[in-house]
Amino acid sequence: MCAVIDLCGKMVLAYRIGNDMTSSLVTDTIREAREKEKVADGLALHSDQGSQYTSQAYFDLSKEYHIRPSMSNPGCPYDNAAMENFFGTLKTECLYRMRFSCRSEVEHAVDEYVHFYNYERINLKNGLTPYEIRSKAV
């Protein structure tokens, strides 16, 4: 799974599930997020140093969209901490609690969870959902 999250309110803007974590999975997810969102120049995209994020396709798309790739040094995951947190929450609150017999069940569960995460799950720090936080910022 690849996801793009707005760090302002931690709202999931786009995500895709693939068979492998490829550069096309990443670039397609970024394109989807960009189509949905109005983006200003100077945008930074935080990631780990996986091969899909160091690929030529990723850097070409970053240049085309005026996105600054941001990666921490190996063994120092600060730039990607928000994504790691989201994926840990997704696993703990959704995926680890269910048994799946096919991929479509996983995709359906993730769809439902992302909707819950964005629009219903309250952030304990501020008592708002990611959607509410983002709505106040716009």
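Me: Before we look at the two helices, how are the axes and the angle between them defined?

Reply: Axes are lines fitted to C-alpha atoms, for helices over the stretch in contact, and the angle is taken between N-to-C directions. In this predicted model, the axes of helix α1, residues 23-36, and of α2 come within 9 Å and cross at roughly 15°. Because angles under 35 degrees count as roughly parallel, α1 is roughly parallel to α2. The crossing in which α1 passes α2 is right-handed.

Me: Which residues of α1 and α2 meet?

Reply: From α1 come S23, V26, T27, I30 and R31, and these meet A57, Y58 and L61 of α2. Sorted by class, this contact of α1 with α2 has five nonpolar residues, two polar residues and one charged residue.

Me: Is K10 buried, partly exposed or exposed?

Reply: The class follows from the relative accessible area, with buried meaning under 20% and exposed over 50%. K10 counts as partly exposed because its relative accessibility is 30%.

Me: What does N118 touch, and where is N118 found?

Reply: N118 is found in helix α4, residues 103-119, and is buried, with a relative accessible area of 4%. Leaving aside residues up to four places away in sequence, N118 touches K10, M11, V12, T129, P130 and Y131, so that K10, the loop residue with the positive phi, is one of its contacts. A polar atom of the N118 side chain lies 2.8 Å from the backbone nitrogen of V12.

Me: Which side chain does S70 join in a polar contact?

Reply: A polar contact is a pair of N or O atoms within 3.5 Å, and here one of 3.0 Å joins the side chains of S70 and H46. S70 lies in strand β4 and counts as buried, at 7% relative accessibility. Not counting residues up to four places away in sequence, S70 touches L45, H46, S47 and D79.

Me: How far apart are S70 and N80?

Reply: S70 and N80 are 10 residues apart in sequence, and in space they are 8.6 Å apart, taken from C-alpha to C-alpha.

Technical notes:
Residues numbered from 1 in each chain as written. Predicted model: local features only at pLDDT ≥ 70, side-chain atom pairs only at ≥ 80, totals over all residues. Heavy atoms only, no water. Helix = DSSP H or I, 4+ residues; strand = E, 2+ residues; numbered from the N terminus. Buried < 20%, exposed > 50% of the residue type's maximum accessible area, 1.4 Å probe, protein only. Axes fitted to C-alpha atoms, helices over the stretch in contact; angles between N-to-C directions. Parallel < 35°, antiparallel > 145°, perpendicular 65-115°, else oblique. Left-handed = near helix turned anticlockwise from the far one by under 90°. Contact = heavy atoms within 4.5 Å. Nonpolar A, V, L, I, M, F, W, Y, C, P; charged D, E, K, R; others polar. Polar contact = N/O pair within 3.5 Å; in protein donor to acceptor, adjacent residues only side chain to side chain.
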